[in-house]
Amino acid sequence: QIERAEITITSGYQNGQDILSYDNTPTPLISVSWQPANALLQLTGTDTKANYQAALRNVKYQNTKTSPDSPNTQDRTVSWWVNDGEGYGAPGTSTVTVNAKYELTILSAGNGTVTASAGKPSTIGGGTDASPQPIIYMADDSVILTATPTAGFEFASWSGDISGTTYPLTVIMDADKSVTANFSSKVDCIR
């Protein structure tokens, strides 16, 4: 029987950003307590070794920091201690690699919409939005922007952090970026 386990971020911890969590649904005899001031996740309650092993496999790390200040990308060291009622054994350790996150702000100038897809589809459009909601992507995500004009208009160009007329546009997220799709009126030639 196991009585408790303690999991802590022993190096690289960013209070207010880093969280360890565990959903005790599969092992209801094990209670969970996260103590952010100590970077400590405690699992308590007497249960079988097999159930504690299952519980420890389901501990999750999450970094909640979002842009404009991407998370600290220093690796985190996580240490694991288990108590069988007679004391704690030697700790195990794991390393968590934290990836940068970047914001993509998409604007539509004129009459048209822009669709972004890279696992997080979003459609922006209908004119210039004074306060668009940026979309957060992981570093090096590849985002495809597709501009769709309304009737009587055509796609003209991209501006902002990326300019040109490439259509559709692939954006590699290696920094925070703002991109505007510009639309213009179609000119029909009359002969």
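User: How many bridges join E1 to E4, and in which sense do the two strands run?

Analyst: This is a predicted model. Strands of a sheet pair through backbone hydrogen bonds, either parallel or antiparallel. Arg 4 stands opposite Thr 44 in E4. E1 and E4 run antiparallel, and the number of bridges joining them is six.

User: In what order do the five strands of the open sheet lie?

Analyst: E1 pairs with E6 in the antiparallel sense, over seven bridges, and there Ile 9 stands opposite Val 78 in E6. E6, residues 76–83, pairs with E7 over five bridges, again antiparallel; Trp 80 has Gly 92 in E7 as its bridge partner. Five strands make up this open sheet with antiparallel pairing, and the order is E3-E4-E1-E6-E7.

User: Around the axis of H1, how wide an arc do Tyr 52, Ala 55 and Leu 56 cover?

Analyst: Tyr 52, Ala 55 and Leu 56 are buried in H1. They lie on the same side of H1 because the arc they cover around the axis is only 95°. An α-helix has 3.6 residues a turn, so residues three or four places apart point the same way. The arc asked for is 95°.

User: How far apart in sequence are the parts that Asp 18 and Arg 76 tie together?

Analyst: The side chains of Asp 18 and Arg 76 meet in a salt bridge, 2.7 Å from N to O. Asp 18 lies in strand E2 (residues 18–21) and Arg 76 in strand E6, so the pair ties together parts that are 58 residues apart in sequence. Both Asp 18 and Arg 76 are buried. The separation is 58 residues.

User: In the salt bridge of Arg 4 with Glu 6, which residue is buried?

Analyst: The closest N and O atoms of Arg 4 and Glu 6 are 3.5 Å apart. Buried means under 20% relative accessible area. Arg 4, with 23%, is partly exposed. At 18%, the buried residue is Glu 6.

User: Which strands stand at the edges of the open sheet of four strands?

Analyst: The order is E11-E8-E15-E13, with mixed pairing. Each edge strand has a single partner strand, so one side of it is left without a neighbour in the sheet. The twist averages 30° from one strand to the next. The edges are E11 (135–138) and E13 (153–160).

User: How are the rings of Phe 155 and Phe 183 arranged, stacked or edge-to-face?

Analyst: Phe 155 stands opposite Phe 183 in E15, and E13 and E15 (residues 177–185) pair in the antiparallel sense over seven bridges. Phe 155 is buried at 18% relative accessible area, and Phe 183 is buried at 10%. Ring planes over 60 degrees apart count as edge-to-face. The ring centres of Phe 155 and Phe 183 are 6.3 Å apart and the planes are at 75°, so the pair is edge-to-face.

How values were computed: Residues are numbered from 1 along each chain as its sequence is written. This is a predicted model: local features need pLDDT of at least 70, side-chain atom pairs count only at pLDDT 80 or more; totals for chains, interfaces and linings use all residues. Side-chain values use heavy atoms; hydrogens and water are left out. Two strands pair if DSSP finds at least two bridges between them. A salt bridge is a side-chain nitrogen of Lys or Arg within 4 Å of a carboxyl oxygen of Asp or Glu. Buried means under 20% relative accessible area, exposed over 50%, partly exposed in between (1.4 Å probe, protein chains only). The arc is that of the directions from the helix axis to the C-beta atoms. Axes are lines fitted to C-alpha atoms, for helices over the stretch in contact, and angles run from 0 to 180 degrees between N-to-C directions. Rings of Phe, Tyr and Trp (its six-membered ring) pair if their centres lie within 6.5 Å; planes under 30 degrees apart count as stacked, over 60 as edge-to-face and the rest as tilted.
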